[in-house]
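These are my notebook entries on one structure. I set down what I looked up, entry by entry.

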Amino acid sequence: MARPKAFDTEEALDAAIGVFREHGFEGTSADMLVKAMGIGRQSLYDTFGDKWGVYCAAVRRYSAQEGEAHAAALRSRPRAIEGLRAMVERLVEDAGQACLGVGSICEFGRARADLAKIHDAAERALHGAIVERVRAAQADGDVGVDLKPEEAAGFLVASFAAIRIAARGGAKADQLRGLGRLALRALR
């Protein structure tokens with residue numbers, strides 16, 4: 001008779017996210033994962049299949065968590081422009097921590113279809129939420145009506161990646177805040 005899992009999968013994935021955020025897929029060994037996740041090697045393979053399975057599950061969970069946090073920031077203020085500002089400020093504040101989404105895109109691009117599918121779903125959800133708030137901000141008179149909401153959302157998402165990369169490259173907090181302010185200024 002098979003033994004039941006003796007670990008919490010979500011907690012284990014959260015630990016794996018931390019390792020992958022810092023070391024990427026190639027820089028992470030199975031030993032690093034089992035140590036961080038607090039599970040045995042066989043449990044890793046039984047639950048996730050292999051290191052790639054853990055990675056995809058970690059990217060999926062991380063993307064969902066980040067997407068929810070961005071959406072919450074967007075909805076956190078009554079005026080749409082203030083929600084957009086809250087989202088940018090949240091990102092700038094957190095930019096010093098490695099982003100698993102950006103890291104995995106930099107490491108793999110579109111080379112792995114299963115990973116690209118995870119990124120595409122996360123990007124669609126975030127892009128859609130930003131488009132909605134940009135439209136609302138336009139209706140409020142806070143964002144230029146000459147801007148195409150889809151393009152503005154694409155610009156913000158690209159700016160987020162740039163801010164995170166700048167942070168990893170050593171940009172100081174005031175520089176990151178300046179990048180965030182410029183991204184918001186582009187919406188006028």
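I began with V134, which counts as buried because its relative accessibility is 0%; buried means under 20% relative accessible area, exposed over 50%, and partly exposed in between, with a 1.4 Å probe and protein chains only. V134 lies in helix α7, where helices are DSSP runs of H or I of at least four residues, numbered from the N terminus. The model is predicted, so I note that local features need pLDDT of at least 70 and side-chain atom pairs pLDDT 80 or more, while totals for chains, interfaces and linings use all residues. Residues are numbered from 1 along each chain as its sequence is written, and side-chain values use heavy atoms, with hydrogens and water left out.

I then looked up the contacts of V134 (heavy atoms within 4.5 Å). Setting aside neighbours within four places in sequence, V134 is in contact with L84, V143, P149 and A152. I also checked V134 against I17: the two are 117 residues apart in sequence and 31 Å apart in space, C-alpha to C-alpha.

Next entry: Q138, also placed in helix α7. Q138 is buried, with a relative accessible area of 13%. Not counting residues up to four places away in sequence, Q138 touches V143, G144, V145, L147 and P149. With G144 I find that a polar atom of the Q138 side chain lies 2.9 Å from the backbone oxygen.

I turned to helix α1. Its 15 residues, 9-23, should span 21 Å at 1.5 Å a residue, and the end C-alpha atoms are 21 Å apart, which agrees; the expected span is 1.5 Å times one less than the number of residues. At the N-terminal end, D8 caps α1, a side-chain oxygen lying 2.9 Å from the backbone nitrogen of E10. Just after α1, G24 takes a positive phi of about 70 degrees. The buried residues of α1 are A12, L13, A16, I17, V19, F20 and R21. What covers them includes α2 (30-37), α3 (41-48), α4 (51-75), α5 (80-94) and α6 (100-108).

My last entry concerns the lining of the largest pocket. α4, α6, α7 (113-140) and α8 (149-168) each supply at least two residues of this lining. α7 gives the most, with nine residues. I recorded the division of the lining as 16 nonpolar, six polar and six charged, counting Ala, Val, Leu, Ile, Met, Phe, Trp, Tyr, Cys and Pro as nonpolar, Asp, Glu, Lys and Arg as charged, and the others, Gly among them, as polar. A pocket, on a 1 Å grid over the protein atoms alone, is an open set of points where a 1.4 Å probe fits, with protein on both sides within 12 Å along at least five of seven lines; lining residues have an atom within 4 Å of a point.

Key:
Polar contact = N/O pair within 3.5 Å; in protein donor to acceptor, adjacent residues only side chain to side chain.
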